[in-house]
There are 4 protein chains.
Amino acid sequence: MIYSFKNDYSEGAHPDILKALTETNLIQAEGYGLDCHTRSAANAIRELAEAPDADVHLISGGTQTNLIAISSFLRPHEACIAATSGHIAVHEAGAIEATGHKLLCVDTPDGKLTPDLIAPVLSQHHFEHMVKPKLVYISNATELGTVYTLAEMKALYTFCQANHLLLYADGARLGAAIMSKASGLSLKDMYRFTDAFFIGGTKNGALLGEALVIKNCDVKAEYRYLIKQRGALLAKGWILGIQFKTLFTDNLFFDLAAHANGMARRLALELEQAGCTFLIDSPTNQIFPVMENRVIQVLSEQFSFYTWSTVDENLSAVRLITSWATSEGAVRNFLDAYRKASGK
Amino acid sequence: MIYSFKNDYSEGAHPDILKALTETNLIQAEGYGLDCHTRSAANAIRELAEAPDADVHLISGGTQTNLIAISSFLRPHEACIAATSGHIAVHEAGAIEATGHKLLCVDTPDGKLTPDLIAPVLSQHHFEHMVKPKLVYISNATELGTVYTLAEMKALYTFCQANHLLLYADGARLGAAIMSKASGLSLKDMYRFTDAFFIGGTKNGALLGEALVIKNCDVKAEYRYLIKQRGALLAKGWILGIQFKTLFTDNLFFDLAAHANGMARRLALELEQAGCTFLIDSPTNQIFPVMENRVIQVLSEQFSFYTWSTVDENLSAVRLITSWATSEGAVRNFLDAYRKASGK
Amino acid sequence: MIYSFKNDYSEGAHPDILKALTETNLIQAEGYGLDCHTRSAANAIRELAEAPDADVHLISGGTQTNLIAISSFLRPHEACIAATSGHIAVHEAGAIEATGHKLLCVDTPDGKLTPDLIAPVLSQHHFEHMVKPKLVYISNATELGTVYTLAEMKALYTFCQANHLLLYADGARLGAAIMSKASGLSLKDMYRFTDAFFIGGTKNGALLGEALVIKNCDVKAEYRYLIKQRGALLAKGWILGIQFKTLFTDNLFFDLAAHANGMARRLALELEQAGCTFLIDSPTNQIFPVMENRVIQVLSEQFSFYTWSTVDENLSAVRLITSWATSEGAVRNFLDAYRKASGK
Amino acid sequence: MIYSFKNDYSEGAHPDILKALTETNLIQAEGYGLDCHTRSAANAIRELAEAPDADVHLISGGTQTNLIAISSFLRPHEACIAATSGHIAVHEAGAIEATGHKLLCVDTPDGKLTPDLIAPVLSQHHFEHMVKPKLVYISNATELGTVYTLAEMKALYTFCQANHLLLYADGARLGAAIMSKASGLSLKDMYRFTDAFFIGGTKNGALLGEALVIKNCDVKAEYRYLIKQRGALLAKGWILGIQFKTLFTDNLFFDLAAHANGMARRLALELEQAGCTFLIDSPTNQIFPVMENRVIQVLSEQFSFYTWSTVDENLSAVRLITSWATSEGAVRNFLDAYRKASGK
């Protein structure tokens, strides 16, 4: 089978997680996330985020988490501002609109939103024949692998506060963002500078699971009803609890993300040395090198990855994603194959 | 910790499932259910159900499966007929209504629907100021542990066909229903006599997962869009595939259900010998013995279970559920405790 | 054409309303209800209801008003308690559920809700696997022509307040309720003892239009957005304003309702003298006399009305509705025809 | 009061309509659009459109018509393609998204869609993580006053047919489009080259009302349920029937639109002679002259109109709308005022 750099969810769970699941497997636990493992996981997150008052809910997947959060934070006429490239805008099959809310999309080359990009949306939506912008959705890391710096997060949150907007962050790849040197953000900063965000487990070593962290008290109430109503309250909720407890034991979550980032970094550096340019400068675990189409053709016989966009007649950008499970050998093989195919 | 008879999802997965997950853990797989394990699981189900044309979709939980199925099968003005005690009517936090569809509920003491119970709903809903009944939702086994016989399923489906109604079965406990001697139903019969149904994994030995089986071609189209839009397309979809593949290897699914039914049978028989009556005659893995309140009080210090309903001043019915993981020892302990507390 | 007692919306508008529409027809007005007529109408209602802080919104029809109000008052998981015979439960084609909210229906022979009927619904819905009851919907007059007394309204509102429930009244026939001697309620009382209610124009002399009156400040915000989003903000909103201004000038609204009640009263009294019994004792403009089927057959050749329900083999109840436009002649003709057909 | 060129719904109804409403006012009619006037109106439309098989439904307003049509034509995962300037995209407060469907918006300077503009949307949406484009929404006339030619409509419909897309036209200003010389379209052409469209009454001489005309048999079924569920089935539906019957008697509908267009034409020609340029070349009843800000300031003290967009530091475009009721005197006054203010 050919090796895949298509995404960061091609392998199962980190062995520590499987071990924990196996060890507790036959011990009875309370259903629906009311168990001790889920409590431990939530406490670990609260501690790391210095967020004693946070509500933490474990949910199976990212789209599910986004649709529950956004639909529960908004009244019917309120809308969500997002980057045109945002996951909810493109790759969730209209899940947010299916809950009744419009997305107001803003073009941004690097996938990041700023006060300057959001302000015009506010001024354009000024009366009751239009939706009312109420929530800003960002992804960190973004869908283009870029990250928000501490200063950027602070500026965005300050702007949102001043404009009565909620700030919500999709953290499907939050581990990669935090461990990126470009970011300088901690879990604590994410908590300080958002109203709510989620911590992605699926793409960082869990079988499945995202941890939604809510700070804003106005939107916390009766949250388990909202999760249940969307079909997202797992009967055996503790299998999420055990996973997050494991990820937040002995720094595992951060180590896994650092590994993924490191593998991408190595790929990027050596591809650059071999003459590649990049569509965008990404400091996390997804990179977008530009290659000749004939090279891409050759590589795609040995490796699986997405061709992202056309650059010109001969060149395209591909997307390579590394994960907690990507081995140095696989990286080496890819680089060798690239050099061979490109003759560099 | 006190032993729980509260439900059939207090333990993790059958060891064979954990083993299969562990063995495949680091082998890369295609995302979103497009992997070989999911294909194998679907094929196994198609074979057992003698349903070569069935569409099979693996989804995390029962409420999720119900809301995706029902909302996708209906146009906006169409409604769903269900028993007043039906899971969607009571215990899904309004998940079906949240997709826009009304439930038309029918009182039925044993949790089962019949043509005679449904016919009046049809005649009462006859014009455009009312919703249009279009789908019949049943649970098999029901929320009261009862099951449909082959003849009952056939009669219901024939009635539905004649009245342009879709018949959809919630099979969260389908294993228990099929393995109940009262039923005489096979997976193949469920396929023949419904438009769609699901096979519950969560309550029969899986970590999570339900298998939605669609027969009716009118409602099959573009189903993966619908699953994705509700946030139910798991990135690591193969973890559902591996589980169902394992359950449908070497008869495991049926053996686990038979075990659960057997444990409940033993509980019921010995409680009856000890003088208990029952709220309802259930042939599956949930039973509803009637006990003195003071006995319930004593037992609840050693075991966890639901007190279901009040019978009279001194008596209440409790619900005891057994599972694939319930041990004979636990059953014996409960019976001993009952005899001691009741003095019988 | 045969004369209709089928409903109270078989004729157009009271002549004063048509006159007012005609007189202002070519005078330009601001669109979308921001005109002076709408303001006058709202002020007239605020004055009559002694409700200086009320928000008043004019909306085309009752179903529309109900769905906007209820969906905007509730969060996604919250549900609405209603009588099984309530208009939203039976005759709005699932409009409330289409906005995502479950109805919890309570059987009540006279169409009225009481604290005693509501309390069990609250105790049955106690955790997050069920919807959360949050709003009580009543109709006054009810769908059976009955009315709430002042004491009943007060008791209901007090109970709702104590239980954190919103009380919302469908007043499609509020005029008839207020002018019923059985009620003793004024517009002011309706305001005092609900969180919101609407005043029906369509069934009391307007071409179309209902006036939604909101007291509770928690649910007032940005209401015009919510009306617009449901397609209910009429471009020429002043045609509603003019109608309600006219209705609330010189007591017209109340006089029209009194007339309708009076015509029904006369029908009822004389039918009773002629030996009729009644399905229910209604003091408003709809009555439910029980007649022999063969009499109904004869009458239905000369008059249009609904046969409401079967009483026994020979008897059925019919529904007769009078309106602001029902003439004494029509009433006399019906009574003559009844006496002739029944031989009494 | 200052004269308004803000919109085409500042006056009531054409006097013939008021006369017809008055004459029939006390004649009893069947409720909910099942009356003879509504049938006559529908027949008149079917005849004019040469559409014997068309379903015709009369609905109060445009947003309501759009949300009912679009939500009923689509399955949950299907999306609607629209111009970025489309009414549903900007000025309906998210009404379409509130029914669960995403809009895919396309930038187009003149508000019109073409196959070339739509094709990329189709190719970008190719798998189940994205919505599926299924319906194309156009406005004719557009929100910028432009119109589709016969050839353009035919090309668009042919493209939609070939790509399994429904074509739906918002005809809030269809009269103006048809009577525009630039268009060359008839009602019959609109029927031939769409799956469904509506004919606007509100903006062309009615008090309220739009006539939805459905050709495509796949989306016709049980339409009255869908109208009722959205709260749009008026009790006194015949007041819409009478209005459309009147509009389609003696060519009134077309004469009114021609008058509105003529008044706009005169405004445009004389403003051009006085040196105005135009933001866009509109052949219908809305025009967008560019004026000096100081002139706009002076005019706005005597007339009411929207300032549409900023052109440069000194210049802005305004929007002037004429209607069936705009008098030559008003046009003359505006032109005089313009000449005086601009010194031209």
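Domain bounds come from an automatic or database domain assignment. For chain A, this assignment gives domain 1 (3–9 + 252–342) and domain 2 (15–247). Before going on, note that this is a predicted model, in which local features need pLDDT of at least 70 and side-chain atom pairs count only at pLDDT 80 or more, while totals for chains, interfaces and linings use all residues. Residues are numbered from 1 along each chain as its sequence is written, and chains are lettered from A and ligands numbered from 1 in the order in which they are written.

The C-alpha centres of domain 1 of chain A and domain 2 of chain A lie 27 Å apart. Two residues are in contact if their C-beta atoms, placed from the backbone, lie within 7 Å.

Now turn to a pair of helices in chain D. Helices (H or I, at least four residues) are DSSP runs, numbered from the N terminus. Helix H2 (residues 36–48) of chain D and helix H11 (residues 238–247) of chain D pack at an angle of about 40 degrees, and their axes are 7 Å apart. Axes are lines fitted to C-alpha atoms, for helices over the stretch in contact, and angles run from 0 to 180 degrees between N-to-C directions. Among the residues of H2(D) that meet H11(D) are D:His37 and D:Ala44.

Terms used
Helix = DSSP H or I, 4+ residues; strand = E, 2+ residues; numbered from the N terminus.
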